[in-house]
Structures are given as C-alpha cells and as structure tokens.
Number of protein chains: 2
Amino acid sequence: MEKEIAIASLAALAQETRLDAFRLLVQAGPTGLAAGEIATALQTPAATLSFHLKELKSAGVVSCVRRGRSLIYHAHYEQMQALVDYLTEHCCRGAVTH
Amino acid sequence: MEKEIAIASLAALAQETRLDAFRLLVQAGPTGLAAGEIATALQTPAATLSFHLKELKSAGVVSCVRRGRSLIYHAHYEQMQALVDYLTEHCCRGAVTH
DNA sequence: TCCATAATTCTATAATAATGGAAATATCAA
DNA sequence: TTGATATTTCCATTATTATAGAATTATGGA
C-alpha cells in the first residue's frame, strides 16, 4: 500500500461518525446498508452523513451500488486489511505485545 | 482499546509529517531520536515539528525523556499494536485477503 | 555568571474539515 | 405525469488543524 493511500485511509477512519458508519458496514457484511439506514442508526442528518460517506468512498474504504431508490454501501475489507498490513509493516517493527 | 483512543491514534498518524516522524522513531527503536534529529531528517521547522510531536504524544503513540539539552522521543509499540488489534477486531471482520 | 544550544510555547495566519438546511437529482409506483 | 421517497449536491457557517517566525524556557559548559 502507498503511503498516500494509507494516510487517506487513516484520515477517513479518524472521525467518530465515519468510524461508526464503517463499523456498521463491517457488521452488515456482504448485505451492506443503505445510506438512510446508516443515517437512522447514527441519528445523523442525511446531508451530514452523505458528506462522510463521500469521504469514506474517496478514501477507498467503502463503495456503493444503487438498488432501486437506495444506495447500498459496503465496507472494503481488502483495503482495511492492506492498511493493517501497512501499519504492522511500517509502524510496529519491534512490537513485543504477545 | 477504547474507541476514543483509537480515533486519536488514527488522527495522529493521518498526517504526512507525523507519519514520517513516527516511522523514523519506529526505525530508530529503543535508542529513540532527539526532536532536532527528526526536524533535520524531515526538513521541517522546529516549531512545526514540535507541534506535531505534541500531537503524537497527546495521542499516546510516542513519549519522550530529556537527556541533557535534548528531548529523546520513542515510539510506543504497545499502543500501535493495540490499534492494529482494534482495527482487525472491529473493522476487518470477514476479511478474505490471504 | 554568561553564552550557546535544544526545544517548547506564543501568536497570528492560512488552510482544511464538519455541520446541516434547502434545493436538486434519481427512482419507482399509481 | 404526478407524487412520494432516497440520497446527493449546494451553500454558508463554524470549528479545527497546520504553519512558522519570534519570544521563552531549560540545560550544560567555560
């Protein structure tokens, strides 16, 4: 993973509403969640949530597909795994936790 | 790891100068690096770097001790490992990368 | 004590990010 | 084709973060 992408991914998740939204999507799995379902679950105005979903999407940690009137969002597990690998590789050298 | 601490750690690393500084500290290992050595390596003005080191410190991903006139900074591997564990636990469920 | 060095804090400025109402766009159903 | 629903984009406002020169604090040596 490129450093720039790692920074963008870290920034995407370093905000409460976005981390909460992302965690909901991880829980939801392959089914995904509609933007409105996330907004309701997080009690966040649609416009605000839409802004955060756009951030997550442009960082590449989520994607969405239209289904009828809804846009269904999904977590990108591969990119998250790549981020974890990046951190382990570049930021954890010498860790002695377990 | 608490969500708040995870967010603070992610935010600390989601900035180029700070990620670069942190990676230098990881490379340096137990020896650590003086603030001035990091500033020189990154070609960043002392005041700017000091601001970023304070951010890293308040997020708990680095610490420092005085040695003579210098402040020697060290990476906190345990907290980084805890962050990686947090992400794996909460944000990677279902990952199928390898 | 006085000077040089190392780093931080102070301060102002510029840049970026977050918030949410209102308007616009897309889709479906009757 | 009209109306209801889902969501985004537009926009203005507020809040937070980053930058770096100048002043300040801390330390060690002559």
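Colleague: Which atom of B:Gly36 lies 2.8 Å from a phosphate oxygen of DNA strand C?

Modeller: A backbone N or O atom of B:Gly36 is the one at 2.8 Å from that phosphate oxygen. Keep in mind that this is a predicted model. An N or O atom in the side chain of B:Tyr73 is 2.3 Å from a phosphate oxygen of DNA strand C. For B:Ser70, a side-chain N or O atom is 3.4 Å from a sugar or linking oxygen of DNA strand C.

Colleague: How many residues surround DNA strand C, and which are the closest?

Modeller: There are 21 residues around DNA strand C, and the closest are A:His52, B:Gly36, B:Ser50, B:Arg69 and B:Tyr73. Of the atoms of DNA strand C that come within 4 Å of the protein, 70% belong to sugar and phosphate.

Colleague: Which element gives the largest share of the surface near DNA strand D?

Modeller: Helix 4 of chain B gives the largest share, four residues. Helix 3 (35-42), helix 4 and strand 3 (70-75) of chain A each supply at least two residues to that surface, as does helix 4 of chain B. By class, the surface near DNA strand D divides into nine nonpolar, seven polar and four charged residues.

Colleague: How should I read a sheet? Take chain B.

Modeller: Read the strand order and the pairing sense. In chain B, three strands form an open sheet in the order 1-3-2, with antiparallel pairing. Strand 1 (33-34) and strand 2 (62-67) of chain B are at the edges with a single partner strand each, so one side of each has no neighbour in the sheet.

Colleague: How many bridges join strand 2 of chain B to strand 3 of chain B?

Modeller: Six bridges join them, in the antiparallel sense. Within this pairing, B:Ser63 has B:His74 as its bridge partner, and B:Arg66 stands opposite B:Leu71. Two residues lie between the strands of this hairpin, where B:Gly68 takes a positive phi near 65°. Strand 1 of chain B pairs with strand 3 of chain B over two bridges, also antiparallel. There, the bridge partner of B:Leu33 is B:Tyr73. B:Tyr73 is also among the closest residues to DNA strand C.

Colleague: What does chain A have in the way of helices and strands?

Modeller: Chain A has five helices and three strands. From the N terminus on, its elements run α-α-β-α-α-β-β-α. Strand 2 (residues 62-67) of chain A runs antiparallel to strand 3 of chain A, with six bridges between them. A:Val65 stands opposite A:Ile72 in strand 3 of chain A. The hairpin of these two strands has two residues between them, and A:Gly68 takes a positive phi near 65°.

Colleague: How do I describe two packed helices?

Modeller: Two packed helices are described by the angle between their axes and the distance between the axes. Take helix 5 (residues 77-91) of chain A and helix 5 (residues 77-91) of chain B: their axes come within 10 Å and cross at roughly 170°. Helix 5 of chain A and helix 5 of chain B are therefore roughly antiparallel.

Colleague: Which residues meet between helix 5 of chain A and helix 5 of chain B?

Modeller: On the chain A helix they include A:Tyr77, A:Met80, A:Val84 and A:Leu87. On the chain B helix they include B:Met80, B:Leu83, B:Val84 and B:Leu87.

Note on methods. Residues are numbered from 1 along each chain as its sequence is written. Chains are lettered from A and ligands numbered from 1 in the order in which they are written. This is a predicted model: local features need pLDDT of at least 70, side-chain atom pairs count only at pLDDT 80 or more; totals for chains, interfaces and linings use all residues. Side-chain values use heavy atoms; hydrogens and water are left out. A residue is near a molecule or strand if one of its heavy atoms lies within 4 Å of it. A polar contact is a pair of N or O atoms within 3.5 Å; within protein, one must be able to donate a hydrogen and the other to accept it, and residues adjacent in sequence count only if both atoms are side-chain atoms. Two strands pair if DSSP finds at least two bridges between them. Axes are lines fitted to C-alpha atoms, for helices over the stretch in contact, and angles run from 0 to 180 degrees between N-to-C directions. Angles under 35 degrees count as roughly parallel, over 145 as roughly antiparallel, 65 to 115 as roughly perpendicular and the rest as oblique. Contact means heavy atoms within 4.5 Å. Ala, Val, Leu, Ile, Met, Phe, Trp, Tyr, Cys and Pro count as nonpolar, Asp, Glu, Lys and Arg as charged, and the others, Gly among them, as polar.
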